[in-house]
Amino acid sequence: MSVDRRTLLAGISAAMLAPRRARAASVTDGAGRAVPVPARVERVFPAGPPAAIFLYTLAPELLIGWPRANRPEEPEVGRITGRGNTANLEVVLALKPDLILDVGSVNSTYISLADRVQQQTGIPYALLDGRFEGIPLSYRTLGALIGRREQGESLARNAEDTMKTITQRVGSIPPDRRPRVYYARGPRGLETGLGGSINVETIEFVAQNVAGGTRGGLANVSIEQVMLWNPDVIITIDQDFAANVSSDPAWAPVAAVRAQRVHLSPKLPFGWVDFPPAVNRLIGLWWLAKILYPDLFPEDLRARTQEFYARFYHVTPSEAQIDRVLAGRD
């Protein structure tokens with residue numbers, strides 16, 4: 001049995017509702033907005049993939065459905081944020097959610113969207129900070145909104161412990177002596193994340209992003225530019241690129257290819273580095289740290305994977321499933 005959304009959704013029936021407690025009249029979200037706390041939260045509409053994953057990890061029984069289903073039997077509700085938004089307000093209203101949740105950028109564009117949707121639907125709309133370092137606070141905020149404070153605090157502390165442990169160990173290495181990493185997206189490997197991009201946050205957490213000299217989001221680059229950067233390590237989420245790069249003469253001069261240091265990121269059921277950039281990156285940070293600094297991180301990644309999936313995804317993968325996850329294959 002594969003570890004995918006079907007497996008995760010099957011675990012919803014086993015999730016137990018926590019005792020409900022009195023809550024504050026409003027909670028301040030990641031954008032500094034005062035969000036009214038519903039008297040009861042039993043149905044939550046995720047505005048995009050990061051929000052769906054975030055909610056699933058904390059309270060799977062509240063998730064109305066996924067923004068995009070991979071299988072016919074999965075409930076699909078569309079999305080109201082990001083590229084390819086497919087859910088209009090009529091769709092949202094028809095699903096009768098108690099809360100709309102978005103996790104990601106908290107800039108003025110998304111604040112305006114949240115305010116507009118909340119005003120037009122009358123449904124509280126929480127906008128949480130999707131930055132990697134914002135995960136702990138976002139868990140605490142969501143826990144307060146849905147009456148799961150203890151569970152939110154538990155996941156927040158786990159995230160903090162992960163970041164603290166890895167930061168402390170890597171902190172002994174000066175930033176300019178850390179591995180120079182190129183993040184390759186797409187079948188040609190020529191899309192990457194610039195400095196500060198949410199897509200490369202965990203890479204920049206532990207290494208040098210060779211494309212970090214320019215600030216921005218995702219960008220297309222040339223192979224000539226990659227050769228100028230000459231990264232020590234390449235991280236990719238694309239199976240085709242990972243399979244073909246070692247035999248591609250255009251990539252042959254790159255140091256990472258010569259040294260066979262091209263690593264395919266695990267991505268079942270969600271990417272460990274990106275795709276989407278959500279709480280799934282916590283286990284990905286352990287994976288990156290062990291790849292880049294094996295002597296500093298002797299922990300058993302298989303055990304870490306099983307622990308993470310049990311705690312955050314509510315399923316305990318078998319040894320065969322862990323093999324498949326770590327292989328990075330679909």
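Me: Is strand 5 (residues 125-129) enclosed by the rest of the structure or exposed, and how many of its residues are buried?

Reply: The model is a predicted one. Five of the five residues of strand 5 are buried, so this strand is largely enclosed by the rest of the structure.

Me: How many bridges join strand 4 (residues 99-104) to strand 5, and do the two run parallel or antiparallel?

Reply: Pairing between strands of a sheet is made through backbone hydrogen bonds, in either a parallel or an antiparallel sense. Strand 4 and strand 5 run parallel and are joined by five bridges. Within this pairing, Leu101 has Ala126 of strand 5 as its bridge partner.

Me: What is the strand order in the open sheet of four strands?

Reply: The order is 8-6-10-11, with parallel pairing. Strand 8 (208-209) and strand 11 (262-264) are the edge strands, each pairing on one side only. Two bridges link strand 6 (residues 180-184) with strand 8 in the parallel sense. There, Val181 has Asn209 of strand 8 as its bridge partner.

Me: Let us turn to helices. At what angle do the axes of helix 5 (residues 135-146) and helix 6 (residues 149-170) cross?

Reply: The two axes come within 8 Å and cross at roughly 175°. That makes helix 5 roughly antiparallel to helix 6, because an angle over 145 degrees counts as such.

Me: Which residues make the contact between helix 5 and helix 6?

Reply: Helix 5 contributes Ile135, Pro136, Tyr139, Arg140, Gly143 and Ala144. From helix 6 come Arg149, Gly152, Glu153, Leu155, Ala156, Arg157, Ala159, Glu160 and Met163. By class, this contact has eight nonpolar, two polar and five charged residues.

Me: What is Gly143 in contact with, leaving aside its neighbours within four places in sequence?

Reply: With those neighbours set aside, Gly143 is in contact with Leu58, Arg148 and Arg149. Leu58 is one of the buried residues of helix 2. As for Glu153, the C-alpha to C-alpha distance from Gly143 is 7.4 Å, at 10 residues apart in sequence.

Me: How many residues of helix 2 (residues 49-58) are buried?

Reply: Helix 2 is mostly covered, with 10 of its 10 residues buried. Among them are Pro49, Pro50, Phe54 and Tyr56.

Me: What length does helix 11 (residues 281-292) reach, and how many of its residues are buried?

Reply: From its first C-alpha to its last, helix 11 reaches 16 Å, close to the 16 Å expected at 1.5 Å a residue for its 12 residues. Helix 11 is mostly covered as well, since 11 of its 12 residues are buried. Its buried residues include Arg281, Trp286, Trp287 and Leu292.

Me: How many helices and strands are in the chain, and what percentage of its residues count as buried?

Reply: The chain has 13 helices and 11 strands. Of its 330 residues, 54% count as buried. Among contacts with a separation of 6 or more, 66% are between residues 24 or more positions apart.

Conventions. Residues numbered from 1 in each chain as written. Predicted model: local features only at pLDDT ≥ 70, side-chain atom pairs only at ≥ 80, totals over all residues. Heavy atoms only, no water. Axes fitted to C-alpha atoms, helices over the stretch in contact; angles between N-to-C directions. Parallel < 35°, antiparallel > 145°, perpendicular 65-115°, else oblique. Contact = heavy atoms within 4.5 Å. Nonpolar A, V, L, I, M, F, W, Y, C, P; charged D, E, K, R; others polar. Expected span 1.5 Å × (residues − 1). Buried < 20%, exposed > 50% of the residue type's maximum accessible area, 1.4 Å probe, protein only. Pairing = 2+ DSSP bridges.
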